[in-house]
Amino acid sequence: MIKAIIFDLNGVFIKGPRLSQVFYDKFGVPIEEFMPALNETMAKIRLPQAGDFFICWPPYFQKWGLNLTREDFCSLWFGSEKEVPELVELARQLKKGGLKVIIHSNNFAERSAYYQENFPFIEDIFDKI
């Protein structure tokens with residue numbers, strides 16, 4: 001008998017444009033140049049006690065000739081993400097049906113905090129995050 005269902009968060013319940021595509025469209029940063037920077041910083045900021053995620057980015061911004069504040073960057077990255085209503089409703093129905101509904105994600109602290117503040121369905125639906 002199935003007692004619980006575990007979901008990822010990004011790309012399932014919350015979707016938005018890829019950050020690499022945003023930097024290409026808005027600033028002309030080639031995706032093949034952006035992705036190694038993203039991969040390197042994500043490996044660092046997902047570690048326990050990583051500290052503020054933004055401190056990894058200014059050297060890249062300088063290299064690309066960009067002057068982005070923390071707020072600018074967060075807005076670019078998180079601000080265009082939207083919930084996927086059909087999946088939120090599915091999770092609600094699964095929970096109403098008696099299943100435990102769980103999110104397992106490899107997000108970093110600042111992004112997780114943003115999600116919990118801006119997407120109330122996360123706290124309303126999921127039994128564990």
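# Burial, pairing and contacts in a predicted fold

Analyst: Helix 2, helix 3 and helix 4 are among the elements that cover the buried residues of helix 1. The model is predicted.

User: Which residues of helix 1 are buried?

Analyst: L19, S20, V22 and F23 are buried in helix 1, which spans residues 19-27.

User: What puts these residues on the same side of helix 1?

Analyst: Their arc does. They cover only 160° around the axis, so they sit on the same side of helix 1. After the helix comes G28, with a positive phi near 75°.

User: Which residue has a positive phi although it is not a glycine?

Analyst: Q49, with a phi of about 55°. Q49 belongs to the loop between helix 2 and helix 3.

User: Why is Q49 called exposed?

Analyst: The cut-off for exposed is over 50% relative accessible area. Q49 has 77%, so Q49 is exposed.

User: Why is E71 called exposed?

Analyst: The same test applies. E71 has a relative accessible area of 56%. Exposed means over 50%, so the label holds. E71 is part of helix 4, residues 70-78.

User: Why does E81 count as buried?

Analyst: Its relative accessibility is 7%. Buried means under 20%, so E81 qualifies. E81 is in the loop between helix 4 and strand 3 (82-83).

User: How do you know that the side chain of E81 makes a polar contact with that of R111?

Analyst: The distance is 2.6 Å. A second polar contact, of 2.8 Å, links the side chains of E81 and Y115.

User: Which residues does E81 touch, not counting those up to four places away in sequence?

Analyst: N10, I14, K15, G16, R111, Y115 and F119.

User: What makes A37 buried?

Analyst: A37 has 2% relative accessibility. The limit is under 20%, so A37 is buried. A37 is found in helix 2. Leaving aside neighbours within four places in sequence, A37 contacts W57, Y60 and W64. A37 and C56 are 19 residues apart in sequence, with C-alpha atoms 9.2 Å apart.

User: How many aromatic pairs does the structure hold?

Analyst: The structure holds 32 aromatic pairs. One of them joins F53 and F73.

User: Why is the pair of F53 and F73 called stacked?

Analyst: The centres are 5.9 Å apart and the planes make an angle of 20°.

User: Why is the pair of W77 and F108 called tilted?

Analyst: The ring centres are 5.3 Å apart, and the planes stand at 50°. Under 30 degrees would be stacked and over 60 edge-to-face, so this pair is tilted. W77 is in helix 4 and F108 in the loop between strand 4 and helix 6 (109-118), 31 residues apart. Both W77 and F108 are buried.

User: How do you know that strand 1 and strand 4 pair?

Analyst: Four bridges join them. Pairing needs at least two bridges, so the strands pair. Strand 1 (residues 4-7) runs parallel to strand 4. A4 stands opposite K100.

User: Which side chains of strand 4 point to the buried face?

Analyst: V101 and I103 point to one face and are buried.

Note on methods: Residues numbered from 1 in each chain as written. Predicted model: local features only at pLDDT ≥ 70, side-chain atom pairs only at ≥ 80, totals over all residues. Heavy atoms only, no water. Helix = DSSP H or I, 4+ residues; strand = E, 2+ residues; numbered from the N terminus. Buried < 20%, exposed > 50% of the residue type's maximum accessible area, 1.4 Å probe, protein only. Polar contact = N/O pair within 3.5 Å; in protein donor to acceptor, adjacent residues only side chain to side chain. Contact = heavy atoms within 4.5 Å. Phe/Tyr/Trp six-rings, centres within 6.5 Å; stacked < 30°, edge-to-face > 60°. Arc of directions from axis to C-beta.
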